[in-house]
Amino acid sequence: APGLMAEVRNEQGLLELDRGDTQAAFQAFEQAIALDAAYEPARMNMGSVLLHAGDFAGAVAQYEAVLEQHPDDPAARVAYGAALRGQGEHRQARRQYERVLEADPENADALFNLAVLQAEFVDERTESRATFQRYLDAAPRRHPKREQAEEYLQLIPDPNAPPPPRQGGPP
C-alpha cells in the first residue's frame, strides 16, 4: 500500500533528522511524497527541512500542497506564513497568521510568528511587545519559542515604562 510505504519513509526521514543527517531525511521525505503525494506529514516535514535550509520557494510549494487538501490546518498555515516571510512577502505572511488567529486567538505559533514579523520585518517593533505578551499568555510553559519571546521583550523598550532613574553627575 502506497500510504503505508509513505508513512514508513516519513518515519525514516524523522529518524535521519534526529541523527542530524538532513540530506538523508530530505531524500526519505521526497520518497514518501513520491509514493503518496497527499501524505501530509511528509510534505510538512519536507517543508520544514526546506524552510530551515533557506529554500523558501520550495517550502512554500510543500505548504501550499498541504493547504490545498486541508485549508484550515493551522500548523501548515503558520509554516506557510514563515516561508512567505522568508521570501519577503510580509503582507501575505501576516494574512496567514491572522487567518489562524481568527479561528484560534490563542494559537501560540501564530502569535509568536506574527510578533517576530512585527519586530524584525515590518516597522512595528513597539506593537510587537503586545503580541509577544499575548504569545506568553497563550503559550504552554514548555513551548519551544517561550525563551526567545522573553528575550525579545527584554530587548524591545516598553513605551509605557517609567524612564530609568538618572545617575548622579552633571545634568
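The following exercises, each with a worked solution, examine a predicted model of a protein chain.

Residues are numbered from 1 along each chain as its sequence is written. Local features require pLDDT of at least 70 and side-chain atom pairs pLDDT 80 or more, while totals for chains, interfaces and linings use all residues, and side-chain values rest on heavy atoms, with hydrogens and water left out.

**Exercise 1. The chain as a whole**

Determine the secondary structure and the overall dimensions of the protein chain.

Solution.
- Step 1. Helices (H or I, at least four residues) and strands (E, at least two) are DSSP runs, numbered from the N terminus. The protein chain has nine helices and zero strands, in the order α-α-α-α-α-α-α-α-α along the sequence.
- Step 2. The radius of gyration, taken over C-alpha atoms, is set against a globule rule of 2.2 Å times the number of residues to the power 0.38. For 171 residues a compact globule would come near 16 Å, whereas the protein chain has 19 Å.
- Step 3. Along the principal axes, the C-alpha atoms fill a box of roughly 80 × 35 × 30 Å.
- Step 4. A residue is buried under 20% relative accessible area, exposed over 50% and partly exposed in between (1.4 Å probe, protein chains only). Of the 171 residues, 42% count as buried.

**Exercise 2. Helix H5**

State how far helix H5 spans and which of its residues are buried.

Solution.
- Step 1. The expected span of a helix is 1.5 Å times one less than its number of residues. Helix H5 (residues 74-86) has 13 residues and should therefore span 18 Å, in agreement with the 18 Å between its end C-alpha atoms.
- Step 2. The buried residues of H5 are Ala76, Arg77, Val78, Ala79, Tyr80, Gly81, Ala82, Ala83, Leu84 and Arg85. Because ten of the 13 residues are buried, H5 is largely enclosed by the rest of the structure.
- Step 3. Contact means heavy atoms within 4.5 Å. The cover over the buried residues of H5 includes helix H3 (40-53), H4, helix H6 (90-103) and H7.

**Exercise 3. Alanine 59**

Locate alanine 59 and list the residues it touches beyond four places in sequence.

Solution.
- Step 1. Alanine 59 belongs to helix H4 (residues 56-69).
- Step 2. Its relative accessibility is 0%, so alanine 59 counts as buried.
- Step 3. Apart from residues up to four places away in sequence, alanine 59 touches Gly47, Leu50, Leu51 and Ala83. Of these, Ala83 is among the buried residues of H5.
- Step 4. Alanine 59 and leucine 15 are 44 residues apart along the chain, with 20 Å between their C-alpha atoms.

**Exercise 4. Helix H8 and its surroundings**

Describe helix H8, then examine serine 128 and glutamine 118.

Solution.
- Step 1. The 14 residues of H8 reach 20 Å from first C-alpha to last, close to the expected 20 Å.
- Step 2. Buried in H8 are Ser128, Arg129, Thr131, Phe132, Tyr135, Leu136 and Ala138; their cover includes helix H7 (108-121) and helix H9 (146-155).
- Step 3. Serine 128 lies in H8 (residues 125-138) and counts as buried because its relative accessibility is 0%. Leaving out residues up to four places away in sequence, serine 128 touches Ala115, Gln118, Ala119 and Ile156.
- Step 4. Glutamine 118 is placed in helix H7; at 7% relative accessibility, glutamine 118 is buried. Beyond neighbours within four places in sequence, its contacts are Arg94, Glu124, Arg125, Glu127, Ser128 and Thr131.
- Step 5. Histidine 90 is 28 residues from glutamine 118 along the chain, and their C-alpha atoms are separated by 9.4 Å.
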